[in-house]
Amino acid sequence: MSRQLVIEGSLQRARFKLEIDLRIDLSDALGILGATGAGKTTLLRVIAGLERNFFGRVEFCGDLWHDGNQFDRVPTHQRGLGVVFQDSRLLPGRTVESNLAFAMRRAPTRDTKLACETLTEALDLNHLLTQPAEMLSGGERQRAALARALLARPRLLLLDEPLSANDADHRQQLIARLAEWLPAEDISLVYVSHAANELAQLTQQLIVLERGAVMARGETEGLLDAPSALRNREVKPVTAVVTAIDLACGTTTLQLADEHHGVVSELALGERVVLQREVADASDLGASLQPEPEKNQD
Amino acid sequence: MSTARLLHVVRCPPVFALVRGLILTALFCMGCSAIAAEARIAVAANFRETAMAIAAQLEAKSPHRYQVIVGSTGKLASQIINGAPFDVFMAADRRRPQQLVERGLALAASEQIYAVGELGLWWPNGPGTPALDALATLEPRSVCVANPAFAPYGEAAWELLQRAGLDADWLQSIVRVDNVNLVAGLIAQGQARAGFVARSSLIAGKRQGTVAAADGDVLWFAEQAPVDQAMVLLTRAETNVAAQHWVQQMQTPPIRELIQRDGYRVSVKQD
Amino acid sequence: MSGDLQAVWLTALLAATTTLLLVPIASPLAWWLARSASPFRSFVEAVVAMPLVLPPTVLGFYLLIMLNPESVVGGLWVELTGDSLTFSFSGLVIASIIYSLPFMVQPLQAAFRAVPESVLEAAATLGASPRDRWLNVVLPMAKRGYLTGCVLTFAHTVGEFGVVLMMGGNIPGETRVLSIAIYEHVETLNYDAAHMLALGLLCFSFLSLWLVYRYAGHRFEVVRG
């Protein structure tokens, strides 16, 4: 069965409205990129089932998790998740060991090569096991949270900037380990980060969020190579609907207002896409493709 | 019944603690009523010492156990009406016991006058023999009486004062205490200069050494204001052997002697 | 004085029973108050806090009326047990639970409020159900709150007087608690005995408060009125 993650719906926030229409196969790890306040963490929380005001649908591997306004159709604790939050969130008043044990005790039994000892060794936590969580440094906390999330034996791992407080050495090690472990343990990954090199090494597909909407989507490598202007600008999105797919010549027809345009891209029938016009490629899509109001895209 | 001390059982899971608490409460309540031949005697304050002496005597000569609970007549009656678990009620008047009978809380057949108390005006260091009209010369706050609202001795005193034609405002300002026993104590301690006491309070106080009343300092009102003290067996104790025993013993010579010795007259007529 | 010793034992038993019963009663209430956004919350908070400011005689009076053998509740009790609820130990337990309610609810509420939602979310992602989170995350973090609540409830119940006077009476072994015994000693001008008991109670009250401040000081909150 494919690892289809479906998120369709919206959530009103103070500074933006999260509007998502995403169908993605998580057989390949997914990265989420975006400026601060773009909604990356919010999106992760929606997947985790922590946003009760999200109205829409969240589905993973065929299990309907979030249905309309029933945010806990499958509640958070039953989704088989492993989450590392930006602020680590180790359970207070407990040692590192106790935190890890908390996860282990509730983990489903699965064949795994990631035993507790392996993890604590690899994540350089052995000397910290008996320390109370409050005494750890930022980096140590993140590593402990990562170990804890992995020990929960998740099917889906959601990581929100999990390495930001670690030094370069640790970071590199951790990336290498994760890149090794996750495919081996068959864990799907959604990875939020600012760091391009992390995303490049750990994810194969990428979405770019801006003000609560998906600005770009594609292969990590490709998108990361694209000019940064693409990722960080003030842009008004224009939506179009895929009306026809011609497999023979590999073209997809988009309907934009009353016009039809062809693009070479792999999209699904009926899918709604957001287009960003790059000055260089404007000729493809016709001069009629102008976002309202008269702002220049560049 | 010395179970473990139950303090600070924070670590117990709530359910366990709840069950434990309930069991203990149940045990305690059962323990209280488990002893068959025990009776609670609600007694008007003035009769306190005598009642305790009677209880001691009866306990010595029978297997029964008695608990004497003291209060002013009106308060005890009110408590009984509100469900207090007494078995015998020994009032300082006739009205309260009759009220209880009317309400079905006491057995009419058991109603009897067990003592007739005597009211007196005690005014130590006053001008010669105490006299009612002379009271008005004192500050009302230094004159003490049992609260006429619920203490029969106070009621009797109040009536006397009103009949003596004392000023209404002055009357309103005199000190009213909870029960007649307190009056003697307050005068003995010097906190009041004069007051209406029961003969039994003076005798009891003298025995204890806390009260010393010279004969010339008390004006007795045996004829003008006799205090008929009636008792009843309460309905809830109908089958209580100890309670019945108490009631029966009230009219026997040894008990009557006890009562008389403590400053009451014992009525020969049975109502 | 065995009568006074009995009063001490009775008082301790009443306080202990009340404390134990209040723990499971106050916990869900305090939890709801700590996390709810309902418009009824302030209403409930006010009701819970009433015994802090209400004259005990008012409480005692209404309890006297409500638990009377002639009332619905009291009558039912008489049917079931043959004894009146008023002027009985059980009646006092009920009265004490109401009278000491805010002393258990408020510290618990403060303790629960101090549990960050973020931590509960993290526990949920680790597979903990709501009940699991309550037992294994919230309760351990609320230990101090429970200690404070229990000590305060116990000490407060020990000091109960007005309520007991109204609907408990002065029945040895049943409702004659320490405060009533002291009152009785004063009434009968038995000042020596009154001194002994009163001084003992004073020391006890001081010790309990000192305990609370020493071990749970800055986290101890009682909201007045």
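Residues are numbered from 1 along each chain as its sequence is written, and chains are lettered from A and ligands numbered from 1 in the order in which they are written. Because the model is predicted, local features need pLDDT of at least 70 and side-chain atom pairs count only at pLDDT 80 or more, while totals for chains, interfaces and linings use all residues.

**Confidence**

The predictor assigns the complex an ipTM of 0.77 and a pTM of 0.75. The table gives the pLDDT of each chain, pLDDT being the predictor's confidence in each residue, from 0 to 100.

| Chain | Mean pLDDT | Residues at pLDDT 70 or more |
|---|---|---|
| chain A | mean pLDDT 81 | 76% of residues |
| chain B | mean pLDDT 86 | 87% of residues |
| chain C | mean pLDDT 90 | 96% of residues |

Two residues are in contact if their C-beta atoms, placed from the backbone, lie within 7 Å. Residues 277-298 of chain A also stay under 50, with 18 contacts beyond four places in sequence. In chain B, residues 1-12 remain under 50 and have 14 contacts beyond four places in sequence. In chain C, the pLDDT is under 50 over residues 219-225, which have 15 such contacts beyond four places in sequence. Where pLDDT is low, the predicted coordinates should not be read in detail.

**Chain C**

Chain C has eleven helices and zero strands. Helices (H or I, at least four residues) and strands (E, at least two) are DSSP runs, numbered from the N terminus. Along the principal axes, the C-alpha atoms of chain C fill a box of roughly 65 × 45 × 30 Å.

Two helix pairs of chain C involve α1(C). Helix α1 (residues 2-35) of chain C and helix α5 (residues 89-113) of chain C have axes that come within 7 Å and cross at roughly 45°. Axes are lines fitted to C-alpha atoms, for helices over the stretch in contact, and angles run from 0 to 180 degrees between N-to-C directions. Angles under 35 degrees count as roughly parallel, over 145 as roughly antiparallel, 65 to 115 as roughly perpendicular and the rest as oblique. α1(C) and α5(C) are therefore oblique to each other. Their crossing is right-handed; a crossing is left-handed if the near helix is turned anticlockwise from the far one by less than a right angle, and right-handed if clockwise. The contact of α1(C) with α5(C) has 18 nonpolar, six polar and one charged residues. In these classes, Ala, Val, Leu, Ile, Met, Phe, Trp, Tyr, Cys and Pro count as nonpolar, Asp, Glu, Lys and Arg as charged, and the others, Gly among them, as polar.

The axes of α1(C) and helix α8 (residues 143-158) of chain C come within 8 Å and cross at roughly 140°. This pair is therefore oblique too, and α1(C) passes α8(C) in a right-handed crossing. Residues in the contact include Leu14(C), Ala15(C) and Leu22(C) of α1(C), and Gly149(C), Cys150(C) and Phe154(C) of α8(C). By class, the contact of α1(C) with α8(C) has eight nonpolar, six polar and no charged residues.

**Chain B**

Helix α2 (residues 48-61) of chain B packs against helix α10 (residues 253-261) of chain B at an angle of about 155°, with the axes 10 Å apart. The two helices are therefore roughly antiparallel, and their crossing is right-handed. In the contact, Thr50(B), Ala53(B) and Ile54(B) of α2(B) meet Ile255(B), Leu258(B) and Ile259(B) of α10(B). This contact has five nonpolar, one polar and no charged residues.

Strands β9 (residues 205-210) and β10 (residues 213-219) of chain A run antiparallel and are joined by six bridges. Two strands pair if DSSP finds at least two bridges between them. Glu210(A) stands opposite Ala213(A) in β10(A). The hairpin of β9(A) and β10(A) has two residues between the strands, and Arg211(A) takes a positive phi near 50° there.

The contact of chains A and C takes 18 residues from chain A and 14 residues from chain C. On the side of chain A that touches chain C, β6 (81-84) and α2 (96-106) of chain A each supply at least two residues. The largest share, three residues, comes from α2(A). By class, this side of chain A has eleven nonpolar, three polar and four charged residues.
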